[in-house]
Amino acid sequence: MSSSHKCGNCGSTQTRETEEDYAIVCAECGLVIEEAFLVEDVGIAQRSDGSHYRQGQYVDESGPRFGRIPGCSRDSRQVTLDKARTNIIRVAGDLKIPSNSNIIDLTLETYKLALLNGFVKGRPSDHVTAACLYIILRQERTHHMLLDFSDVLRTNVYTLGHTFLRLCQCLNIQLPVIDPSLYIPRFAMLLEFENKTQAVIKTAERLVQRMNRDWMSTGRRPSGLCGAALLVAAKLHDFHRTLRDVVRVVRICDVTLRKRLREFEKTAVADLTPAEFEAIDFNDLEECDPPAFTRLREREAAAAAAA
């Protein structure tokens with residue numbers, strides 16, 4: 001590129017800026033015309049030809065190791081990060097996450113990676129920050145759901161889910177499988193089991209663990225398992241909770257909940273009495289076949305009988 005700098009060796013005005021240390025060098029002979037020294041403050045300096053230039057620039061702690069982001073100067077990059085932190089703190093506050101939590105800093109670091117990889121461009125900033133925060137919450141194994149972010153941002157949950165999945169692919173992030181037991185206490189509090197809340201939670205968690213051994217959790221969303229486990233646990237503790245009550249709290253459709261209950265009815269645990277349920281060790285029970293395999297066998301048996 002052409003500039004006001006003139007090479008003292010060959011006289012050329014064609015210069016370029018190095019990406020490693022941001023020095024200005026001659027494009028013809030390679031002579032270093034101006035070096036980007038670190039200074040304590042931004043000021044005005046004078047060149048050898050009498051012209052003036054700004055000396056120094058503000059560099060954050062991430063500094064040169066991130067390189068330059070295409071189409072983004074250092075000042076604008078810092079403004080973008082400041083806005084991202086503000087959005088993260090706002091969403092985290094709505095989700096009852098303390099602003100001084102380490103989760104905020106981890107989320108911002110994830111956002112920096114997204115910015116570095118060009119993922120932010122062309123996407124709503126609040127969607128990207130929400131996806132970054134959800135990734136950290138999944139890694140920390142909290143009880144937050146993507147639906148919570150949808151409520152806070154007032155946007156479609158599938159749109160957020162698409163951004164979240166794309167970000168995981170972009171950053172090559174492998175998240176742990178969701179443990180449905182994480183959501184049991186949250187849903188149990190909303191169903192109001194009075195002084196037996198902890199007992200219901202313990203029973204529902206045992207049911208979820210057994211559902212996992214009976215292959216009911218494979219390929220299923222955790223909300224459906226939680227709903228079925230809480231409905232059964234409520235009946236075991238003499239609480240009358242309807243399908244509508246559970247659907248309203250867990251936020252799934254009644255068809256999904258009925259399917260999970262029908263699958264549970266075919267397990268060995270469903271045949272136990274309340275007294276047996278409390279006394280027996282689930283490890284002593286035989287594991288059931290996966291629900292999909294069981295349905296296939298039933299269809300084959302029905303077809304054979306019809307023939």
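**Close-up 1. Asp214 and Arg210, a buried pair.** Asp214 and Arg210 are both buried in this predicted model. The two residues form a salt bridge. Their closest N and O atoms lie 3.1 Å apart.

**Close-up 2. Glu298 and Lys266, a salt bridge between a helix and a loop.** The closest N and O atoms of Glu298 and Lys266 are 3.0 Å apart. Glu298 sits in helix α12, residues 291-306. Lys266 belongs to the loop between α10 (254-265) and α11 (274-279). The pair therefore ties together parts that are 32 residues apart in sequence. Glu298 is partly exposed, at 39% relative accessible area. Lys266 is partly exposed too, with a value of 48%.

**Close-up 3. A salt-bridge network of Arg220, Arg260, Glu263 and Arg295.** Shared partners join these residues into one network: Arg220, Arg260, Glu263 and Arg295.

**Close-up 4. Asp105 and Arg85, a salt bridge between two helices.** Asp105 pairs with Arg85, and their closest N and O atoms are 3.2 Å apart. Asp105 lies in helix α2, which spans residues 102-116. Arg85 lies in helix α1, residues 74-94. The pair links distant parts of the chain, 20 residues apart. Asp105 has a relative accessible area of 37%, so this residue counts as partly exposed. Arg85 is partly exposed as well, at 31% relative accessibility.

**Overview. Salt bridges in the predicted model.** The count comes to nine salt bridges. Among them are Asp214 with Arg210, Glu298 with Lys266 and Asp105 with Arg85.

How values were computed. Residues are numbered from 1 along each chain as its sequence is written. This is a predicted model: local features need pLDDT of at least 70, side-chain atom pairs count only at pLDDT 80 or more; totals for chains, interfaces and linings use all residues. Side-chain values use heavy atoms; hydrogens and water are left out. A salt bridge is a side-chain nitrogen of Lys or Arg within 4 Å of a carboxyl oxygen of Asp or Glu. Helices (H or I, at least four residues) and strands (E, at least two) are DSSP runs, numbered from the N terminus. Buried means under 20% relative accessible area, exposed over 50%, partly exposed in between (1.4 Å probe, protein chains only).
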